[in-house]
Protein chains: 2
Amino acid sequence: MIPNIPETRLKRVVIVGAGFGGLELAQQLEGLPFQVVLIDKNNYHQFQPLFYQVATAGLEPSSISFPLRRVFRDNPNFVLRITEFYEVEPETRIIRTGLGPISYDYLVFAMGADTNYFGLKGVAENAIPMKSVSEALALRNTLLQNFEDAITADTDDELEGLLNVVVAGGGPTGVEISGTLAEMRKTVLPKDHPEIDFGQMHVTIVEAGPNLLGPMAPASQQKSREFLEEMGVTVRTGTQVKDYDGRHVTFSDGTKIRSNTLIWAAGVKAIDIKGLPAEAKGRGGRLLTDPYNRLRSHPDIYAIGDIALTTEEKYPDGHPQVAQPAIQMARNLARNFKAMAKGKVLKPFRYKDLGSMATIGKNKAVAEIAGFKFQGFFAWAVWMFVHLISIFGVRNRVSVFFTWAWSYITSDQNLRLILSPKKPAKPKERTGFSFEAISKAARKAESV
Amino acid sequence: MIPNIPETRLKRVVIVGAGFGGLELAQQLEGLPFQVVLIDKNNYHQFQPLFYQVATAGLEPSSISFPLRRVFRDNPNFVLRITEFYEVEPETRIIRTGLGPISYDYLVFAMGADTNYFGLKGVAENAIPMKSVSEALALRNTLLQNFEDAITADTDDELEGLLNVVVAGGGPTGVEISGTLAEMRKTVLPKDHPEIDFGQMHVTIVEAGPNLLGPMAPASQQKSREFLEEMGVTVRTGTQVKDYDGRHVTFSDGTKIRSNTLIWAAGVKAIDIKGLPAEAKGRGGRLLTDPYNRLRSHPDIYAIGDIALTTEEKYPDGHPQVAQPAIQMARNLARNFKAMAKGKVLKPFRYKDLGSMATIGKNKAVAEIAGFKFQGFFAWAVWMFVHLISIFGVRNRVSVFFTWAWSYITSDQNLRLILSPKKPAKPKERTGFSFEAISKAARKAESV
């Protein structure tokens, strides 16, 4: 076998994706009689809920990324391979990867979801997505460069394009990034760029539905809108982006905004799995599973997290595509693997909604936990606490806490560096493993 | 004027380069009757002495980079422009930049030095330099990817190439990175990659001169060699790299080492300034100045730091190309600008050698300060302290201290992420300002 995975007498569970679901499952399987092979295209786990802070120079990428190799030290039955997943061949029970074929006894898809451009070609080509640390870093570089360029803009039209930001999508990511940009416009940016009149900078958030934060209660929706409007963000609900050519955002009502920066947080779709029949997939490309997270079409293949469409009476269209269902599915599936090993009966998945929240700015958040709804400073404090304890790794927690405390005291972001590795990694001798190939594949997957 | 610099009645000092010299000078000129225009291609100042820790995943790039816009807030006579310097036209007193022409009354070159490949084409194409944060990050990504690839190497030859590292240059950078790699081989790497036999990884440092740390005293040279050899580094002095094709490093004695990674810290050359006559430049392309840092050929143009060749009786070939001469020249030049404004007499530059040091590993360093030479734990503690207080910005100092303390306690580097911004910044509408152009220009400058 090319990827050099040790032969054992244990059954092999191959997990594809080291996000919230995949990483949790791999950890929960520790000590059970399985060989676990975890595959991810990155050598780190990413804490998605804080991408927007990386994009706005509030947090360092490394504070919300955790090196996967640190997690599974001293575990001989665990194998990690950093490579791209290409396709599955269910008949022969192998997957094809950038490193070659890997056979499985059980296969778990946990690759999550990627940006959905809903077929809008101009948007796919020109908007900036926010579904990875790398993309968040690229957004940071773009925003900072725009403000540099704005100083020497030749025309008012150019200046307008450089300063205006349009955020598509009224979910937590969209709300959070709009709020942060509005705060930066008030605090950091005028100090950094005294030559620019930030009164000319407009932040607009667009949501197709009637309200921001669709799944939350009306009180939270209303309050988040109020917070944003107080901070000077233009909130446009019931409006969709129809087209974007890199210079003008065109909306469903025919209006346009001149902006060089459209941030796209308007929707996701499950990562497309090659090798499975069309009937394995449901709405949004998600894999249809039974209550035990088994693919209905292939009972030795599982799906958890954003990529899975597991229905319950309360969730006939599947669960929300956020961290908690992924983590809970991973825990339930690990219990079921344990049950299988012992010949016991399996437990169907039941989602326990722990609540939801979004932060809009300093001391401004909305939260709904265990039936309680609250807003403002207390919600913001809870938001901070919940995110802090959820971050993987003690060092990252300390680092995020330190950075947040510093920013809170100084009202300053400290990471305003336009920074990229200079020299690309040398072309690899082996095919299927180059960065070029990976990013090309990723781009292809995106533009489908 | 295209770069949109305010007109004033003050004389304009244009400083090119925001390294140790340029940044210090710009700060020292605050309050004097000059308009100061600072130009750099990056929007951050870089702390060069710690690049090697970024390259070996010990420090975050942001911990040793400082956003330039934060330094000069609330100073109406200060202008910062992030752009590339193209050339100077001394007759018309303007410089050409990526943003257009900028006129000057006084011009200060403080761009430092870049990697010198000594005309070795194969080395220039295949080795990894270490003269910017971006290059250090690229080296980090390459090293980490090599260890990933090593797990699934098909042949022993391939494995050898992936594991072996050759470091060219026995100065502090070369010594420090060799020592860190040797430490990683012992601590972090075997834990992260239990599948690899790190007994097969060889770290070799090559120095053309007879000793490591050439300018230091024999006791320090000897001790640094002992430290490195104890840690398992092969030290080859009196040897030069003759060629490198990306697979084999060929030495001056005809021997070869199979290695995919040649780190090039063997020498620097001054950044080449276009528009100045050949007679303005001395050894290593450095600009010949009088004792007041004025170009001998053009008394309204100054040069400080690595790019300047300012001689003293004690330094007939110029000063060492490190931070201290640059900072001291900047301070002296600022004093002279003040003297000029008041019509007072100028002071010639006198370098005060504050000593030198290099760290080899945990509790292992050599230092020479004020005539005292010491080695081991105390030198290492002094090294840490001196570097900590030299880093620009309180937040960066706290961040580096925290990271060092954490690593010291856990014997672990925490930043082992292979990470790049995913989507390249959108092509800019304006010419001369795109990242592509900048990096192309940089690559061109490198390969000359």
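Predicted model: local features only at pLDDT ≥ 70, side-chain atom pairs only at ≥ 80, totals over all residues.
1. Now find helix α5 (residues 133-151) and helix α6 (residues 156-163) in chain A. Their axes lie 9 Å apart, and the helices pack at an angle of about 160 degrees. That is over the 145 cut-off, so α5(A) and α6(A) are roughly antiparallel to each other. The crossing of α5(A) past α6(A) is left-handed.

2. Who does the touching here? On the α5(A) side, A:N146, A:F147, A:D149 and A:A150 make the contact, and α6(A) brings A:L159, A:L162 and A:L163. Sort these residues by type and you get five nonpolar, one polar and one charged.

3. Next, hop over to chain B and look for an open sheet of five strands. Their order is β5-β2-β1-β9-β21, with parallel pairing. From one strand to the next, the twist averages 20 degrees.

4. Check the edges of that sheet too. β5 (78-82) and β21 (301-303) of chain B each have a single partner strand, so one side of each has no neighbour in the sheet. For β5(B), look at strand β2 (residues 34-40) of chain B: the two pair in the parallel sense over five bridges. B:D40, for instance, has B:I82 of β5(B) as its bridge partner.

5. Finally, zoom out to both chains. Rotate by 180 degrees, with 0.0 Å of shift along the axis, and chain B superposes on chain A with an RMSD of 0.0 Å. The two copies are thus related as by a two-fold rotation axis. In chain B, the C-alpha nearest that axis belongs to B:S420, at 3.2 Å.

6. How do the copies meet? They use the same surface, because 100% of the interface residues of chain B are also interface residues in chain A.

Terms used: Residues numbered from 1 in each chain as written. Chains lettered and ligands numbered in written order. Heavy atoms only, no water. Axes fitted to C-alpha atoms, helices over the stretch in contact; angles between N-to-C directions. Helix = DSSP H or I, 4+ residues; strand = E, 2+ residues; numbered from the N terminus. Parallel < 35°, antiparallel > 145°, perpendicular 65-115°, else oblique. Left-handed = near helix turned anticlockwise from the far one by under 90°. Contact = heavy atoms within 4.5 Å. Nonpolar A, V, L, I, M, F, W, Y, C, P; charged D, E, K, R; others polar. Least-squares fit on C-alpha atoms with pLDDT ≥ 70 in both. Pairing = 2+ DSSP bridges.
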